[in-house]
Amino acid sequence: MTTKSVFISFDYDNDNDLRGNLVAQARRPDSPFSITDWSVNEPFDENWREKVRNLIDRADLTIVICGVHTHQAKGVEAEVTMVQQAGKPYFLLKGRRDRTCTRPKSAPKRKRIHPWTWPTLKEIIANPK
């Protein structure tokens with residue numbers, strides 16, 4: 001199995017715990033992905049954008065963790081736009097099972113938010129769209 005490099009996009013203010021959960025899953029011995037990039041928690045300026053673009057360019061794909069307030073997260077919105085501009089694969093992952101999770105404004109409505117299960121993660125990472 002080939003391990004893919006993943007960039008994680010998430011709402012830093014509200015979903016940092018979810019990022020930690022995904023990082024823990026990446027450490028599993030049977031994980032098809034590794035987290036080589038960390039979100040940049042800096043002011044939104046050109047320097048921030050440049051750093052994020054570089055991280056996205058180096059990753060094979062991006063996982064966008066969707067939480068309750070993701071639709072309001074400007075950083076996630078900008079990161080998804082950069083992923084789209086780079087033509088890189090990405091998918092949306094439902095971060096909270098018991099809550100209504102929202103998509104970033106820059107993600108098209110036709111893009112499905114996938115349930116966060118280990119089989120789903122493995123399948124989508126093996127065959128990103």
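With a disulfide taken as a pair of cysteine sulfur atoms within 2.5 Å, the count comes to zero disulfides. Cysteine 66 is in no disulfide, its nearest cysteine sulfur being that of cysteine 101, 7.0 Å away. Cysteine 101 is likewise in no disulfide, and the nearest cysteine sulfur to it belongs to cysteine 66, at 7.0 Å. A disulfide is a covalent bond between the sulfur atoms of two cysteines. Burial is judged by relative accessible area: under 20% is buried, over 50% exposed, and in between partly exposed (1.4 Å probe, protein chains only). Cysteine 66 is buried, with a value of 0%, and cysteine 101, at 12%, counts as buried.

This is a predicted model, in which local features need pLDDT of at least 70 and side-chain atom pairs count only at pLDDT 80 or more, whereas totals for chains, interfaces and linings use all residues. Residues are numbered from 1 along each chain as its sequence is written, and side-chain values use heavy atoms, with hydrogens and water left out.

The aromatic rings come next. Rings of Phe, Tyr and Trp (its six-membered ring) pair if their centres lie within 6.5 Å; planes under 30 degrees apart count as stacked, over 60 as edge-to-face and the rest as tilted. The whole structure holds two aromatic pairs. In one, phenylalanine 10 and tyrosine 12 have ring centres 6.1 Å apart and planes at 35°, so the pair is tilted. Phenylalanine 10 is buried, at 5% relative accessible area, whereas tyrosine 12 is partly exposed, at 40%. In the other, phenylalanine 33 and tryptophan 118 have ring centres 6.4 Å apart and planes at 45°, so this pair is also tilted. It links distant parts of the chain, 85 residues apart: phenylalanine 33 is in strand S2 (residues 33-35) and tryptophan 118 in helix H4 (residues 118-126). Helices (H or I, at least four residues) and strands (E, at least two) are DSSP runs, numbered from the N terminus. Both phenylalanine 33 and tryptophan 118 are buried.

A charge sits over a ring if NZ of Lys or CZ of Arg is within 6 Å of the ring centre and within 35 degrees of the ring normal. Arginine 28 lies over the face of tryptophan 118, 4.1 Å from the ring centre. The charged end of lysine 111 sits over the ring of tyrosine 90, at 4.1 Å from its centre.

Tyrosine 90 is also among the residues that valine 83 touches, with heavy atoms within 4.5 Å as the contact criterion. Valine 83 belongs to helix H3 (residues 74-86) and is buried, at 0%.

How values were computed:
Lists of a residue's contacts leave out its neighbours within four places in sequence.
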